[in-house]
Amino acid sequence: YRTASDGDHSAMEPSREPRVLSLLSATTEIVCRLGMAHCLVGRSHGCDDPEFVTTLPVVTAPKVDPNAPSAVIDAAVRAQAAAGGPVYHIFNASVEALRPNVIITQDQCRICAVTKDDVQVACASLGDSAVQIVTVEPKTLSDVLGDVMTVAQACCVPERGTRLVRHMKARLDVVRATVAEVAIPGIERPKVAHLEWIAPIMGSGYWIAECVDAGGGEMICGKAGGNSATLDGPERLQEADVIILAPCGFSIERTKVELDATNLLADPAFLALPAVRAARCFVADGNKYFNRSSCGVVETAEMVAEMCHMELAGLWGHHGQRFVNLRELDIFCARSGAPASIKSVPGPEASHGPQPHAEQISGATIQPFAKRPPPVVAERMTMGPEDVVKAQLAALQVADFDTAFEFNSEQNKARLSSAAKFGSIVRGTSFNILLDGIAVITTAQPVMGDQLGSENNSASVRIDAVAPSGQTSRFYFDLGKSSADAPWATEGVRIEC
């Protein structure tokens, strides 16, 4: 790129500035911190900081519902990874329409975001267009700082990258110096456990261990540059002086929902932990901090310092905003204006044309599925046959077999015997396509009993399911009402051969 002056690469001619497509939330934030937000032409579904970037076109979507329970997400992602396929969907038509000449992705964790291999497949649709694929692979704090320079170089503003890295290092040095001021000679640093996931319980490592070190703590259940390890129970947290609950991708509000659902806070082993009994357990924003390899590593270190050292509580202003004490969690999440715990999944731009399977993951037409209690009889009385089928499918797609089971008739429940048996049948037969979070599932208008040559208290709803592989299956849900004033219920499902 030609610059306006040989000495300042930040004054490029607008016509020669890069068209950047960032597929990692951390690098999107870095691009903006470099003052190059105007060069972004698109983003991944997970890019949300600064808020401005949520106005950009989205070119990816998860193949696993991000609002499913964490145990379901973990099982689904592990199965997807074991199968060898991509964990994310890329809207190739959108990539082509946006005409990027710089695409930033990562190659550290195929579960966390789109990988370089995924991008190279998508770039095949760009033909002979010259596209620079920039790959980051952060594992340590030095890697994170190095990624700032890598992104700056790709954006043709290396001087800004140098300045930003210098600024981040200076702020981290301030944290270290402040911690040293309040450290008591002869007293060991507090041992800190950061939980990156709740079901199963997982520790952390990577750059987070170094953020903990900068904040005056000593990480346990993880090490600098190391992978997140699955723990065999809360007992592994016995030696922790401070526990930080900040699951990857979860806001504070979402973490509360997950804690309630897993009953971790009612587990005697967890409640007996020294850190919990001493009120040294905290819940932090694990979406924008801790697990995100961005400029937010500085704020992460500051938060750790506030949590570990009572003398520093409130110093950087993070308490009550980016983290709270576990004992404050309920009232914090009940505050007026608290954001929803459900994460929306935006779909592709309609102007980019048709894209395979886009309907199932478009936030404009499909509401995120979240596990919820089965509807009471009064609610079900307002539901028609198609409504019942759609609700049953929504429950199946988050593996909520208890709710899906409740939409069956009493006779069908008796045949199936239990929700657990029902779940094993769905998983182990041709019905398992209904569990695919990205399969395109459409319902036809119900055929009522009088059209079937039977009583009006019966109906049939046709379902067509198309998997990402192209496999198509057709099902017929047969529904009935035990009486005129009873709700519709599924009596059986037929598969068209």
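1. Start with a definition: two strands pair if DSSP finds at least two bridges between them. Helices (H or I, at least four residues) and strands (E, at least two) are DSSP runs, numbered from the N terminus. In strand S10, methionine 219 is the bridge partner of valine 192. Strands S9 (residues 191-195) and S10 pair in the parallel sense, over 2 bridges.

2. A word on the model. It is predicted, so local features need pLDDT of at least 70 and side-chain atom pairs count only at pLDDT 80 or more, while totals for chains, interfaces and linings use all residues. Residues are numbered from 1 along each chain as its sequence is written, and side-chain values use heavy atoms, with hydrogens and water left out.

3. Now the whole protein. There are 19 helices and 18 strands. Of its 497 residues, 51% count as buried. Buried means under 20% relative accessible area, exposed over 50%, and partly exposed in between (1.4 Å probe, protein chains only). The accessible surface comes to about 22,100 Å² (Shrake-Rupley method, 1.4 Å probe). Carbon and sulfur atoms hold 52% of that surface.

4. Which strands form the open sheet, and in what order? There are 5, in the order S10-S9-S11-S12-S13, and the pairing is mixed. Strands S10 (218-219) and S13 (323-325) stand at the edges. Each has a single partner strand, so one side of each lacks a neighbour in the sheet.

5. Helix H8 (residues 252-262) packs on this sheet. H8 touches S11 (242-245), S12 (281-284) and S13, and its direction makes about 125 degrees with that of S12. Helix H11 (residues 297-308) lies across S9, S11, S12 and S13. H11 runs at about 140 degrees to S11. Both angles use axes fitted to C-alpha atoms, for helices over the stretch in contact, and run from 0 to 180 degrees between N-to-C directions.

6. Look next at helix H18 (residues 419-427). Its buried residues include Ala419, Phe422, Gly423 and Val426. They cover an arc of only 100 degrees around the axis, which puts them on the same side of H18. That arc is taken from the directions from the helix axis to the C-beta atoms. Among the elements covering the buried residues of H18 are helices H15 (385-396), H16 (401-406) and H17 (410-416).

7. Last, the cysteines. The structure holds 0 disulfides (pairs of cysteine sulfur atoms within 2.5 Å). Cysteine 333 is buried, at 17% relative accessible area. Cysteine 248 counts as partly exposed, at 30%.

How values were computed:
Contact = heavy atoms within 4.5 Å.
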